[in-house]
Amino acid sequence: MTRIGLVSCAPLPEPDPDERLLLGALTGAGLSPALLPWNEPRSNPNGFDLCVLRSCWDYHLAPERFLAWIGEAAARTRLLNPLPVVRWNIHKGYLRELEAAGVPVVPTAWIGAGDAADLARLMSARSWADVVVKPAIGAGSYQTRQFGVDEVRQEGRDFVGSLAARGDVMVQPFMTSVLTRGERSLVWIDGEFTHQVVKRPRYHGQDESVSGAEAPDPADVRIAEQALGCVSGELLYARVDLIEDLDGAPLVSELELIEPSLFLLQHPPALERLVSAIAGCL
Ligand SMILES: Nc1ncnc2c1ncn2[C@@H]1O[C@H](COP(=O)(O)OP(=O)(O)O)[C@@H](O)[C@H]1O
Ligand SMILES: [Mg+2]
């Protein structure tokens, strides 16, 4: 029996609405899926014919260990999305590559691990009044905080210092459109755009709130495709998150190629397409 491992983690930091749907649809297609929590001592990719990264939502807490585990998985079985794609995508420094390739991205100041940074000076040099500070390796809004100009001297500086002690840090202007327009997530399955949802803003410790499937703006699709064009490697799934600037122009905030929620509940044809693509890999 061909076995498919859906790479997860235990405990899950939050429920995964895609999980039940994907397990059910793969089983319904005559396949044999099982959850494979990467961080459990006994979890072993041996014996699986294909490992699909899904709700491994804690990898940012131990990125080196996660990369070693999926390296092992890639050596023993087939891993999707593939290992080189994951290695490239795990650190949000890829945004610099997108920018260099002409893709509009959310403006970002980078603070290297261990570097001392004066957040107040950084903000005034860029004329940023409100900012979002987050780790360059992060997921699920982990350690993502917003600071206004009055808070940066003490709280903001301490927060940047505590993040920089552990890894690279990103500082971005707070994009007010997340409050009005929301953040758009555009989903691709097996090389084809399937659907878009709109997300409400979310910071450390908050739950995600998401719209139903919507028709995308063609300009969003163009930019997302431009971003995906910068990726080398075969993609089973991809999600591009976009935020508008003050003039309403879309900017890439994230290219999610490791463990994105695919919002399959919102768009059943995307689930069908994912199941067919997985079946086609076996
Ligand atoms: N520059 C920004 N302006 C406004 N909100 C932001 C900004 N960056 C992040 N956020 C909020 O924080 C959330 C998490 O940040 P994100 O960059 O998507 O990282 P991840 O999803 O990997 O944790 C976003 O969904 C958004 O709600
Ligand atoms: Mg995000």
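Student: Is D190 buried, partly exposed or exposed?
Tutor: The model is a predicted one, and D190 sits in it in the loop between β9 (183-189) and β10 (192-199). A residue is buried with 20 or more other C-beta atoms within 10 Å of its own, and exposed with 12 or fewer. D190 has 18 such atoms within 10 Å, so D190 is partly exposed.

Student: What is the phi of D190, about how many degrees?
Tutor: Most residues other than glycine have a negative phi. D190 is not a glycine, yet its phi is positive. The value is about 50 degrees.

Student: Which loop holds Q143, a residue other than glycine with a positive phi?
Tutor: The phi of Q143 is near 50 degrees. Q143 has 17 other C-beta atoms within 10 Å, so Q143 is partly exposed. Its place is the loop between β6 and β7 (145-147).

Student: Which residues does a cis peptide bond join, with omega about -5 degrees?
Tutor: Most peptide bonds are trans. With omega about -5 degrees, the bond joins A10 and P11.

Student: Where is N81, which a cis peptide bond joins to L80?
Tutor: For the cis bond between L80 and N81, omega is about -10 degrees. The strand β4 (78-80) lies on one side of the loop that holds N81, and the helix α3 (83-89) on the other. N81 is therefore in the loop between β4 and α3.

Student: How many helices and strands does the chain have?
Tutor: Over the whole chain, the secondary structure comes to 9 helices and 12 strands.

Student: What is the radius of gyration of the chain, and why does it agree with a compact globule?
Tutor: Along the principal axes, the C-alpha atoms fill a box of roughly 60 × 40 × 35 Å. For 282 residues, a compact globule would have a radius of gyration near 19 Å. The chain agrees with this because its own value is 19 Å.

Student: What are the domains of the chain?
Tutor: The domain assignment gives three entries, and domain 2 is written in two segments, 94-104 and 177-263. Domain 3 covers 109-173. The remaining one, 3-83, is domain 1.

Student: How many residues of domain 1 are in contact with domain 3?
Tutor: The centres of domain 1 and domain 3 are separated by 32 Å, taken over C-alpha atoms. The two domains still touch, with 5 residues of domain 3 taking part. The side of domain 1 that touches domain 3 has 4 nonpolar, 1 polar and no charged residues. The number of domain 1 residues in contact is 5.

Student: Which domains does ligand 1 lie between?
Tutor: Ligand 1 is surrounded by 20 residues, and the closest are V132, S141, Q172, M175 and P201. The elements that give two or more residues to this shell are β6 (131-135) and β12 (250-256). By class, the shell divides into 9 nonpolar, 6 polar and 5 charged residues. Two domains give residues to the shell, so ligand 1 lies between domain 2 and domain 3.

Student: How many residues are in the largest nonpolar core?
Tutor: In soluble globular proteins, nonpolar side chains tend to be buried together. Here, V52, A227, V240 and V252 have the most contacts inside the largest core. This core draws at least three residues from each of domain 1 and domain 2.

Student: How far apart in space are P17 and L262, C-alpha to C-alpha?
Tutor: P17 is in helix α1. With 16 C-beta neighbours inside 10 Å, P17 counts as partly exposed. In sequence, P17 and L262 are 245 residues apart. In space, the separation is 9.2 Å.

Terms used:
Residues numbered from 1 in each chain as written. Chains lettered and ligands numbered in written order. Predicted model: local features only at pLDDT ≥ 70, side-chain atom pairs only at ≥ 80, totals over all residues. Domains from an automatic or database assignment. Contact = placed C-beta atoms within 7 Å. Nonpolar A, V, L, I, M, F, W, Y, C, P; charged D, E, K, R; others polar. Near = placed C-beta within 6 Å. Helix = DSSP H or I, 4+ residues; strand = E, 2+ residues; numbered from the N terminus. Rg over C-alpha atoms; globule rule 2.2 N^0.38 Å. Core = buried A, V, L, I, M, F, W, Y, C linked by C-beta atoms within 7 Å.
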